[in-house]
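Here are my notes for you, written as numbered points. Keep the model open beside them and look up each place as you read.

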Amino acid sequence: MLSSLPGRLSCWQHRDKYPYRKKMNLLNTKLLPAGEAAYQLAAELLRSGELVGIPTETVYGLAANALDPQAVLKIFAAKDRPADNPLIVHIWHIDQMDELCDPPELAYKLADAFWPGPLTMTLPRKPVVHDCVTASLPTVGIRMPSHPAAASIIRESGCPLAAPSGNRSGSPSPTIAAHMFDDMNGRIPLIIDGGTCDVGLESTVIMVNEDSVRILRPGGITVEQLQEFCDVEVDDGVYKKLEPGQKAASPGMLYKHYAPKAEVTIIAGTDEQYRAFLEEKKAEGVFAMAFEEELSSLPCPGVSFGRKEDPASQAHRLFSALRECDELDAKTVYAHSPEQTGIGLAIYNRLLRAAAFRVITL
Ligand code: TXA
Ligand code: MG
């Protein structure tokens with residue numbers, strides 16, 4: 001079956017920060033609906049060192065055999081991802097966690113409570129995990145996704161899968177297969193279409209200590225949920241831009257993220273204040289990113305990012321809304337600030353990065 005597939009990406013060396021700029025052959029990217037035949041093909045490609053786009057409950061991921069460094073390096077090439085940003089390794093069975101790392105007892109408790117699901121734990125890695133996966137960090141991020149397609153593909157491939165979000169670096173993460181196709185067409189052989197991602201935002205990333213955790217990236221599993229099991233600290237990098245030279249607990253915090261082409265600014269204020277602000281700013285190319293209930297009464301065109309009292313719907317819509325801003329050729333986007341509790345913290349964190357930390361409080 002593999003012989004009928006298009007040619008492989010050229011190999012390249014892991015020498016500088018952006019080694020992928022050297023050479024890449026264009027592939028014919030297949031998009032197949034989720035199902036047993038598609039999983040078999042995906043597993044075969046993964047075992048032979050190729051990349052496959054896979055659906056997860058958070059966002060689509062760009063997967064490679066985590067134990068094959070040449071395959072892992074292709075991820076960085078396809079995404080234009082800096083080599084110093086580590087990858088999450090996806091497993092389908094708890095036994096794989098012990099093969100990859102040495103977890104403290106608390107990690108087993110959290111795995112029991114939240115896996116399969118949108119939680120990534122960074123844990124002391126074993127030598128089997130290559131430096132190119134962890135960007136030479138002493139820990140590896142591990143997650144067990146709950147999407148049945150992801151679980152089946154990991155199981156059938158027989159290997160843990162390194163998988164960042166399936167977007168080109170810097171763009172919003174894909175929450176439908178078509179978004180991943182837009183970013184990856186010509187760069188990978190196959191994407192499995194498993195429908196719209198349930199959560200719509202990436203997993204919560206935590207550093208696990210003996211009896212506490214530190215949140216490096218908020219996500220589908222909330223601070224409040226984790227507090228039922230242990231002390232929880234939220235890393236400064238979740239709210240603040242790191243100063244030049246400041247060391248990031250999670251290297252992903254250093255990079256511009258989730259950004260459409262337009263300049264995004266978060267506007268914190270009541271519905272009336274937000275409307276008045278937009279009235280003042282309305283002009284060609286100016287768009288609102290607002291709650292569904294507000295859209296009909298705005299003085300400028302707007303895209304919806306979910307319902308006001310329904311943070312799950314905001315998480316679900318956020319990345320699509322940012323991509324729609326590009327489709328509409330928006331030049332300036334004013335996003336109405338969401339609440340910061342529960343999954344709202346993750347929504348705010350992504351919006352902050354899309355807005356390059358520009359916030360106006362009315
Ligand atoms: O929901 C998700 O987590 C998705 C799906 C595909 O599973 N994956 C994802 O991967 O969002 P990525 O690579 O886009 O984001 C992973 C984040 C990055 O910010 C990276 O720096 C951080 O996790 N990370 C990975 N391993 C780490 C480690 N060992 N220590 C600290 N941060 C780590
Ligand atoms: Mg990402």
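1. Let's start with the salt bridges: a search of the whole structure finds 17 of them. A salt bridge here is a side-chain nitrogen of Lys or Arg within 4 Å of a carboxyl oxygen of Asp or Glu. Please bear in mind that this is a predicted model, where local features need pLDDT of at least 70 and side-chain atom pairs count only at pLDDT 80 or more, while totals for chains, interfaces and linings use all residues. Residues are numbered from 1 along each chain as its sequence is written, chains are lettered from A and ligands numbered from 1 in the order in which they are written, and side-chain values use heavy atoms, with hydrogens and water left out.

2. Find Arg168 and Asp80, which form a salt bridge with their closest N and O atoms 3.2 Å apart. Arg168 sits in the loop between strand 7 (161–162) and helix 7 (177–184), and Asp80 in the loop between helix 2 (69–79) and strand 4, so the pair ties together parts that are 88 residues apart in sequence. Helices (H or I, at least four residues) and strands (E, at least two) are DSSP runs, numbered from the N terminus. Asp80, Arg168 and Arg187 are linked in a network of salt bridges.

3. Next, Arg214 and Asp235 meet through their side chains in a salt bridge (2.8 Å, N to O). Because Arg214 lies in strand 10 (residues 212–217) and Asp235 in the loop between strand 11 and strand 12 (263–268), this pair ties together parts that are 21 residues apart in sequence. Is Asp235 buried or exposed? Asp235 counts as buried, at 8% relative accessibility, whereas Arg214 is partly exposed at 23%. Buried means under 20% relative accessible area, exposed over 50%, and partly exposed in between (1.4 Å probe, protein chains only).

4. Two strands pair if DSSP finds at least two bridges between them. Strand 4 (residues 88–90) and strand 6 (residues 139–143) pair in the parallel sense over three bridges, and Val89 has Ile142 in strand 6 as its bridge partner.

5. One more salt bridge to look up joins Arg317 and Glu324, with the closest N and O atoms 3.0 Å apart. Arg317 counts as partly exposed at 21% relative accessibility, and Glu324 also counts as partly exposed, at 25%.
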